[in-house]
Amino acid sequence: MSVPRSVALERTLYTLAAPVLAAAPNVFPDGAVTTGLALAGAAGAASVVHAATSRTPGSGRRILRAMPLALVAAVDVAAMFTPGWHADALIAAGWALLCGGLAPWSRTGRTHHRPALATPAPAMALPVVHEPAPLHPLDDADLLTIRARQLWERHGTPGGTLIITATPHEGMPHDLTLLLRSAEPGRPIRSLTPAGVAAALAVNEADVTILPVAHQPGHRQGGPGWAEVHVTPDANQRRHTAPTDHEWWADRIGQVGGPVPGSQFVKKVRDPERKVTHYIAQVPDDMGEPRVNLHTLAAALKTKYDEGRMFVTIDGSQVLVSLWDSSPLAQVFRATRELLTPDKNGRWVTGYLGNGQPARNRVYTDRGAAHGLFVAPSGGGKTQLMALHIAADALFGAVVWLAAEAPDEKAATLGGYTDRYGVGALYMIRLLRTLDALMDIRGEMLWEDGQVHDWDPNLPGCPYRMMSAYLDEFLSAARDGEYGAEIMDLAERVSVKGRKYGVGIKVAGQSIYVQDGFTQLLCENLRENCIPVVLKVAPKKVGDMFKALGIPSENTPDPLPRSFSPAEAGRIDRVMRGEPEPPADSNTGGAGWIVEAKQPDVLRTLYMDFKAGLDDCFPDTVAALTDHEIRELEARDLWFDWTEPPRPGEFGPEPDDENGDDGGAPKKGGGKRRSGEGRKYATRRDTVTSPRQALDAIKNLTGV
């Protein structure tokens with residue numbers, strides 16, 4: 001039988017040591033070898049005693065390992081007392097045989113080696129099989145919960161969770177809510193995902209919503225070890241096909257990246273009489289002012305932005321979206337005396353905003369008489385707008401004068417309802433000279449209390465009426481080579497001082513640009529003391545127009561469409577048949593913006609039917625100046641027929657006759673100097689708009 005090499009080596013060492021043990025006491029009784037053997041034996045004996053008295057594991061192996069050394073001392077002592085060497089040899093041989101027999105059992109130096117072939121292999125211990133504890137103790141679960149648990153466990157308990165309860169949704173056979181808990185008590189749920197739940201329940205991932213569970217004292221636990229899962233395939237299908245108003249708003253409008261991101265639906269109101277639907281929504285306060293994308297909002301409401309059916313109003317954190325069945329800007333709002341009559345604050349209805357609110361203007365402000373500024377291209381509804389303002393001023397009891405740069409049928413009709421009406425730059429400059437003098441006259445007129453006051457409609461005892469002067473196509477008259485410079489100067493003066501004397505100037509034209517001849521001072525004075533109305537501006541001029549009115553770029557509105565009527569259907573059929581397109585309904589006259597606050601509002605002005613007559617919109621009598629005012633104007637030689645040709649000396653000294661003899665006699669028409677006489681009005685550089693005017697200006701400067 002073979003033994004391990006370490007055992008064979010150890011037995012060899014014992015065999016070689018046996019002769020040494022037998023010979024040493026006889027040959028070297030007092031030598032170093034004998035002493036070394038005695039010490040080794042003493043050490044071995046001490047180790048045996050220590051191992052025998054110790055209770056630590058492995059003491060038996062330690063005794064067997066130390067036994068050969070302990071026996072060395074015994075062999076050495078026995079050899080010293082036995083006569084002859086034969087007995088010593090027998091004792092040493094017995095020691096070698098005994099130690100060689102104990103060598104396999106000492107297990108010294110045998111780590112990581114194969115066991116001795118003579119040692120039988122230990123039998124394999126069978127693992128103890130424990131019965132698994134049930135995942136769910138008896139908790140009186142209903143049938144739905146039991147089946148849900150079976151399905152959940154069959155798919156490996158997604159996310160390492162257990163179903164506590166399964167609650168069905170009423171009216172939805174496939175919808176339910178699962179209350180889940182971590183399979184390891186006290187551990188959070190980390191790997192639960194909508195995809196894992198959807199795969200286990202065979203639904204779409206979009207139909208799964210995972211929510212945290214709040215702690216409910218006295219009811220159930222909560223926190224990261226719990227989760228609530230909503231599985232709603234039926235509800236999502238219904239939400240897609242027949243959503244409620246809240247669901248539709250959240251999915252189409254209030255979602256991230258939607259037309260009004262972050263907004264929450266509040267309510268929907270239908271006005272059947274006005275044929276408009278209002279949607280009210282609100283954004284959280286921490287999101288600031290609502291952000292609205294008008295084009296995508298119109299698409300969500302199944303309309304087009306340029307159809308003029310949708311209007312948005314923002315009030316703090318609230319949003320009002322008004323969707324009309326047909327564009328209110330395409331409707332015709334008839335002017336009536338009731339709408340045009342100013343209220344106690346001087347306000348009257350000039351039209352209707354896109355959201356259906358009345359758009360109001362005023363005949364006076366808290367600073368005095370109101371001015372006016374009307375901007376519109378040819379055919380944009382400017383004369384209609386002037387007619388509304390003239391009627392409102394007349395119904396307020398003001399004296400109204402009208403000067404037009406060129407003859408106009410509608411302007412002539414309006415002239416019949418004013419105190420004075422005329423055409424041309426000459427008439428306009430005479431009107432403005434009279435206003436300039438009238439301010440001086442009114443500045444000296446005493447009120448009932450014997451004092452002089454600035455005009456105030458709410459202060460009793462005023463000795464004169466409010467005056468309102470309308471200047472149609474003002475810029476064209478201001479460019480007149482002979483009278484234009486003085487017309488602009490006088491208009492500036494009236495715009496600055498007139499409000500204090502109850503004198504308002506209303507300027508109408510196609511432009512308010514400085515480069516077109518409109519001075520910055522006049523534009524600022526009019527803008528600060530009136531509510532401007534801008535009608536149908538060309539798209540490329542919208543930005544510049546509102547910039548001139550002091551509107552910041554972020555509040556500049558988009559251009560109005562060419563028509564508010566929807567495009568006629570069937571264009572593809574007409575193209576295939578080669579038929580022409582129907583004419584566009586140009587119904588944007590009277591549509592524009594009213595600028596009362598920092599942001600312009602779209603409006604449609606009231607409509608006056610000139611062909612049917614305007615008597616119903618105007619008072620029965622026409623207000624005029626007081627006798628005192630007329631006498632003072634006559635004394636200044638300003639009250640006469642302003643349509644007659646220029647009077648001698650009316651616009652400065654007459655040139656010498658051909659003979660050069662002035663005779664020293666006073667000229668015809670002499671007397672008191674008229675208002676404006678003696679002032680020199682050089683042609684303004686900003687009124688030069690053509691090469692011919694530039695040439696005339698150079699000739700005037702050089703005296704050619």
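Author: Gladly! Of the 704 residues of the protein, 41% count as buried. This is a predicted model, where local features need pLDDT of at least 70 and side-chain atom pairs count only at pLDDT 80 or more, while totals for chains, interfaces and linings use all residues. Residues are numbered from 1 along each chain as its sequence is written, and side-chain values use heavy atoms, with hydrogens and water left out.

Reader: What makes a residue such as T277 count as buried?

Author: Buried means under 20% relative accessible area, exposed means over 50%, and partly exposed is in between (1.4 Å probe, protein chains only). T277 has a relative accessible area of 10%, so T277 is buried. Another case is S495, which counts as buried because its relative accessibility is 1%.

Reader: Which elements hold T277 and S495?

Author: T277 lies in strand β6, residues 276–282, and S495 lies in helix α15. Helices (H or I, at least four residues) and strands (E, at least two) are DSSP runs, numbered from the N terminus. The protein has 20 helices and 20 strands.

Reader: Which residues is T277 in contact with, leaving aside its neighbours within four places in sequence?

Author: Contact means heavy atoms within 4.5 Å. By that rule, and with those neighbours left aside, T277 is in contact with K268, V269, R270, V321, S322 and L323. V321 is 44 residues from T277 in sequence, yet the two are 8.2 Å apart in space, C-alpha to C-alpha. Across the protein, 64% of the contacts with a separation of 6 or more are between residues 24 or more positions apart.

Reader: And what does S495 touch, not counting residues up to four places away in sequence?

Author: With those residues not counted, S495 touches H371, I505, L522, N525 and L526. Of these, L522, N525 and L526 are among the buried residues of helix α16, residues 520–528. The cover over the buried residues of α16 includes α15, along with β13 (372–375), α14 (474–478), β17 (503–509) and α17 (542–548).

Reader: How are two packed helices described?

Author: They are described by the angle between their axes and the distance between the axes. Axes are lines fitted to C-alpha atoms, for helices over the stretch in contact, and angles run from 0 to 180 degrees between N-to-C directions. For α15 and α16, the axes come within 9 Å and cross at roughly 30 degrees. On the α15 side the contact is made by M488, A491, E492, S495 and V496, and on the α16 side by L521, L522, N525 and L526. These residues divide into six nonpolar, two polar and one charged. Here Ala, Val, Leu, Ile, Met, Phe, Trp, Tyr, Cys and Pro count as nonpolar, Asp, Glu, Lys and Arg as charged, and the others, Gly among them, as polar.

Reader: How closely do the axes of α13 and α15 come, and at what angle do they cross?

Author: The axes of α13 (residues 425–442) and α15 (residues 484–497) come within 9 Å and cross at roughly 35 degrees. The residues of this contact divide into 10 nonpolar, no polar and six charged.

Reader: What makes a set of residues a nonpolar core?

Author: A nonpolar core is a set of buried Ala, Val, Leu, Ile, Met, Phe, Trp, Tyr and Cys residues joined through side-chain atoms within 4.5 Å. The largest one here has 106 residues, of which L340, L431, F474, F518, M608 and F618 touch the most other members. Helix α13 gives the most to this core, with 12 residues. A second, separate core has 16 residues, including W152, I163, I189 and L192.

Reader: Which residues of helix α6 are buried, and why do they line one face of the helix?

Author: In α6 (residues 194–201), the buried residues are V197, A198, A200 and L201. Seen down the axis of α6, they fall within an arc of 165 degrees, so they line one face of the helix. The arc is that of the directions from the helix axis to the C-beta atoms. Their cover includes α5 (143–154), β2 (172–182), β3 (208–211) and β4 (226–231).

Reader: What is the phi of K275, and where is K275 found?

Author: K275 has a positive phi of about 60 degrees although it is not a glycine. K275 is found in the loop between β5 (264–271) and β6.
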